[in-house]
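I opened the model and kept notes as I went. The entries below follow the order in which I looked things up.

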Amino acid sequence: MTDPHRTIDAVWKLESAKIIAGLTRLVRDVGLAEELAQDALVAAMEQWPAQGVPDNPGAWLMTIAKRRAVDHIRRAQRQERANEHLAHELRRLPQDADKQQTERDDTLRLMFLSCHPVLPAPARAALTLKLLGGLSAAEIARAYLVAEPAIVRRIAEAKQTLAEHHVRFELPDETHMAERLSSVLEVIYLIFNEGYAAASGDDLMRPGLCLEALRLGTMLADLTPDQAEMHGLVALMEIQTSRAAARTGPSGEPVPLHEQNRGRWDQLRIRRGFAAMLRARQAGGAPGPYVLQAAIAVCHAQARTAADTDWPRIASLYQALVRLTPTPVVRLNQAVAVGMAQGPQAGLDLVDALTTDPALQHYHLLPSVRGDLLLRLGRHHEARLEFQRAASLTGNTAERAFLLRRAEQITADEPAGATLGQTVRDFLSRPDLDPQTLRSYAQTLRRLCLGLGEQTPLTSVTADQVTRVATTAWGRTAVKTWNRHLSTIRSFATWAGLDGLAAGLQRRPEPRATTKPDGPAPLDPLWGRSDLPLRERTLWSLLHESAAPVSTVLSLNVEDLDLDDRRARAGRTWVTWRSRTARLLPDLIAGRTSGPLFLSDRRPAPARTPAPADLCPHTGRRRLSYERAEYLFKQATRHLDPAGNGYTLRRLKTRDTPGRNP
């Protein structure tokens, strides 16, 4: 006998988007619409196990939800006006084919709403999976390997942002259709990519996210049959998913495309991809980014063996793609194609031109691709170092193990002498370094090791290499930050006996402050901006109300807080705050009981695990750094600063704040 609860779960995933979309059109509030739909789901869970599953479960859920909507509107303050609106909408609902068209339009409106550009990309993805995918917050959290409260908070803030910006439940007009559709496609592809190549965790793939992205893409393609890019995205996802069974080996290790057993590729998905590509061509128009990527995937799928791959064709498609979207990652993929079509040296020239791009400084595939090309050129030792460096940058366990195995398989003469990583560790283990200096030194030298590779022989490190890494990592930072990193590199070079290592780096003159920090007036506009992230609003408010040093506030832990007395112990002193901070702190803590109060946006890579005191046991994220906090504040205050540079966090100190000692 079929389990009613499993049936309810399956029906909800299929029907929830339609139900929430229809309710949103009636009540004009996506948050309220989801609550009403959840009420209907609860009713089903209570009644179906006893009474049986209705013949048309989707219609049953919609009917119950609409009844809840009617009840809600009747209780609203503007009862008469709301009832008239509801009655008008219900009278407008046509039957049969027209009704199906209305439901499709409602679903499309909901998709555009959840993917609205006013929301940050992570919020768009979470809200889309919740409203259109029917996934619970717990399921989304498991898929992205984050804490469930973080997903709940992300979804709640997204709904609040939509309400505050008065985003309407409607289809965009022709003027904005392309831009809005691009945002929807971006969200679907972000979901797919997180499933196809997981950024962190133990597994290479998360198939559930891939299938959910495919379902959303197919739904959108049915709703927008004349959009070539939509069909192109579906084709791309179908063909890439067809390789899933061949992408991993017996132990879960990655298998490169040219080594995959093509007999394990899913031919049904490939045919679906070809069919979607045909629909994209029939829709007409100049090929967009997704159509071009799908065309590249088609070239791979058509080759019976890796040797049969039409690399010149793929290289030309990437050239066209670079003209449309000249992002660093697309250019890196182009380098791979050029390396296969024109030889490894041609590909390496393109890759080397990308090594100074700040966007790729933490991207593990850059040294991985470079290692492949170097290996084909017979430069084995350099290739081995690049694979080791790539392994240190990736957060995915399976991929890191694969890259380390590749490095170990390369036979190369090992130069004698100390390595860069060992020398850095010896330098940082000196007993004369105080904790603050040690932390500052470690940040600089860790970035240097990531950029050059820990296993690089110290004697082979050149001034040009150091200049490249430093310029890429800190070339656009504030003068004081640049000079701090430069000072660390010089100290390390002198200690290691390599005085010329920083020869290509010059200290920058620091401008003298000509005005004293203003009081709170210039920053008043910040306190009314609800669009800013909760973390930033809380940090800035706490600094503003406490007048405590920035480093002291960033060092606070959740267990240090006394929310009732509005104070926190920081070493031998106390940090106190007032009402605005008191309102924000409970939401920021969100159930956490220990660990840093202010957390970074992402979890650290395994190779960069911080000290236990700087790691949150609930989320796995590290303590927010001074540099990152300073950067975010400068970005938020550029429009307030007459010079256009943005203010430092010290500007938040007020002259009228009470003392910190209770």
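I took a disulfide to be a pair of cysteine sulfur atoms within 2.5 Å. My search of the whole structure found 0 disulfides. Cysteine 210 is buried at 2%. Cysteine 449 is buried too, at 7%.

Notes on the source. This is a predicted model, where local features need pLDDT of at least 70 and side-chain atom pairs count only at pLDDT 80 or more, while totals for chains, interfaces and linings use all residues. Residues are numbered from 1 along each chain as its sequence is written, and side-chain values use heavy atoms, with hydrogens and water left out.

Overall picture. I counted 28 helices and 5 strands. These are DSSP runs numbered from the N terminus: helices are H or I with at least four residues, strands are E with at least two. The protein has 662 residues, and 48% of them count as buried. I looked up contacts next, meaning heavy atoms within 4.5 Å. Of the contacts between residues at least 6 apart in sequence, 65% join residues at least 24 apart. The accessible surface is about 32,800 Å², and carbon and sulfur atoms hold 50% of it. That area comes from the Shrake-Rupley method with a 1.4 Å probe.

Helix 1 and helix 2. How do their axes cross? Helix 1 spans residues 4-27 and helix 2 spans residues 30-51; their axes come within 8 Å and cross at roughly 150°. I used lines fitted to C-alpha atoms over the stretch in contact, with angles from 0 to 180 degrees between N-to-C directions. Residues of helix 1 in the contact include Trp12, Ile19 and Leu23. On the helix 2 side I noted, among others, Leu41, Met45 and Trp48. By class, the contact has 18 nonpolar, 3 polar and 1 charged residues. Here Ala, Val, Leu, Ile, Met, Phe, Trp, Tyr, Cys and Pro count as nonpolar, Asp, Glu, Lys and Arg as charged, and the others, Gly among them, as polar.

Backbone check. Most residues other than glycine have a negative phi. Histidine 166 has a positive phi of about 55°. It lies in the loop between helix 8 (148-164) and helix 9 (174-196). Is histidine 166 buried or exposed? Histidine 166 is exposed, at 65% relative accessible area. Alanine 547 also has a positive phi, near 60°. Its loop runs between helix 25 (534-546) and helix 26 (550-554). Alanine 547 counts as buried, at 19% relative accessibility.

Technical notes:
Buried < 20%, exposed > 50% of the residue type's maximum accessible area, 1.4 Å probe, protein only.
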